[in-house]
Amino acid sequence: MKRLINILLFVLVVCNSRNTFANTLNEIIEGECVSVPVWVIKKIITHESKSFKNGEPQPWPWTLNIDGKGWYYRTYNEALVAATFAFENGADRLGVGFGQIEWKWHSKRFEGSFAKALNPTKNIKVVCEILRESWQSKKVNSWEDAIAYYHRPVMDKKARLYAEIVLSL
């Protein structure tokens with residue numbers, strides 16, 4: 001019930017001021033990511049699902065990346081229909097939601113459900129799971145490394161560049 005209330009509040013907040021949006025987003029992050037700093041999550045989701053309001057970058061929950069092209073939908077339902085359509089029509093790459101979580105590698109985290117993947121609370125929870133796993137992998141020694149791992153667990157030059165870009169926001 002608490003999650004449903006958080007989701008409904010989040011959707012309502014999108015139409016309100018930026019401060020209210022930030023407060024609700026912080027509450028979701030703090031509720032799901034107790035061992036990951038809020039600033040790390042916010043940087044990643046802002047980079048991954050970046051939209052703009054009043055010229056300021058902000059994350060957007062109804063974002064998809066279909067074969068390398070970003071798509072922004074006004075509503076959860078629009079994004080859900082688009083994700084399902086893209087998948088059923090053979091999209092090779094499909095990033096979903098706030099964290100642009102790659103469906104090919106992480107669909108099991110959402111029990112194979114785009115509805116769950118587009119749930120802002122669940123999507124942020126999975127972002128946090130991936131970041132926590134980076135520390136368990138023993139490949140990271142800093143949050144910068146964890147951000148690189150989030151993008152590419154092989155920790156190559158592309159992963160390091162990604163971390164630099166995310167941290168520059």
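User: How many helices and strands are in the protein chain?
Analyst: The protein chain holds nine helices and six strands; both are DSSP runs numbered from the N terminus, with helices being H or I of at least four residues and strands being E of at least two. This is a predicted model, in which local features need pLDDT of at least 70 and side-chain atom pairs count only at pLDDT 80 or more, while totals for chains, interfaces and linings use all residues. Residues are numbered from 1 along each chain as its sequence is written, and side-chain values use heavy atoms, leaving out hydrogens and water.

User: What is the order of the strands in the open sheet?
Analyst: The order is S4-S3-S5-S6, and these four strands pair in the antiparallel sense. Two strands are taken to pair if DSSP finds at least two bridges between them. Strand S4 (69-72) and strand S6 (101-102) are the edge strands, each pairing on one side only.

User: Which helix packs on the sheet?
Analyst: That is helix H4 (residues 76-88), which touches S3 and S5. Contact here means heavy atoms within 4.5 Å.

User: And how many bridges join S3 to S4?
Analyst: Four bridges join these two antiparallel strands. Thr 63, for instance, has Tyr 72 in S4 as its bridge partner. The hairpin of S3 and S4 has two residues between the strands, and Asp 67 in that hairpin takes a positive phi near 50 degrees.

User: What about S3 and S5, how many bridges there?
Analyst: Strand S3 (residues 63-66) pairs with strand S5 (residues 94-96) over three bridges, again in the antiparallel sense. Asn 65 has Gly 95 in S5 as its bridge partner, and Ile 66 stands opposite Leu 94 of S5.

User: Changing topic: where is Trp 103, and is it buried or exposed?
Analyst: Trp 103 lies in helix H5. The residue counts as buried because its relative accessible area is 7%, and buried means under 20% (exposed means over 50%, partly exposed in between, with a 1.4 Å probe and protein chains only).

User: Which residues does Trp 103 touch?
Analyst: Leaving aside residues up to four places away in sequence, Trp 103 touches Phe 87, Leu 94, Val 96, Phe 110, Gly 112, Ser 113, Phe 114 and Ala 117. One of these, Leu 94, is the residue of S5 that stands opposite Ile 66.

User: How far apart are Trp 103 and Ala 83?
Analyst: They are 20 residues apart in sequence and 9.9 Å apart in space, C-alpha to C-alpha.

User: Back to backbone angles: what is the phi of Gln 100?
Analyst: Phi of Gln 100 is near 45 degrees, a positive value in a residue other than glycine. Gln 100 is found in the loop between S5 and S6. With a relative accessible area of 11%, Gln 100 is buried.

User: And Lys 138, buried or exposed?
Analyst: Lys 138 counts as exposed, because its relative accessibility is 71%. It sits in the loop between H7 and H8 and has a positive phi of about 65 degrees, although Lys 138 is not a glycine.

User: Lastly, what share of the residues of the protein chain count as buried?
Analyst: Of the 169 residues of the protein chain, 45% count as buried. As for contacts between residues at least 6 apart in sequence, 48% join residues at least 24 apart.

How values were computed
Axes are lines fitted to C-alpha atoms, for helices over the stretch in contact, and angles run from 0 to 180 degrees between N-to-C directions.
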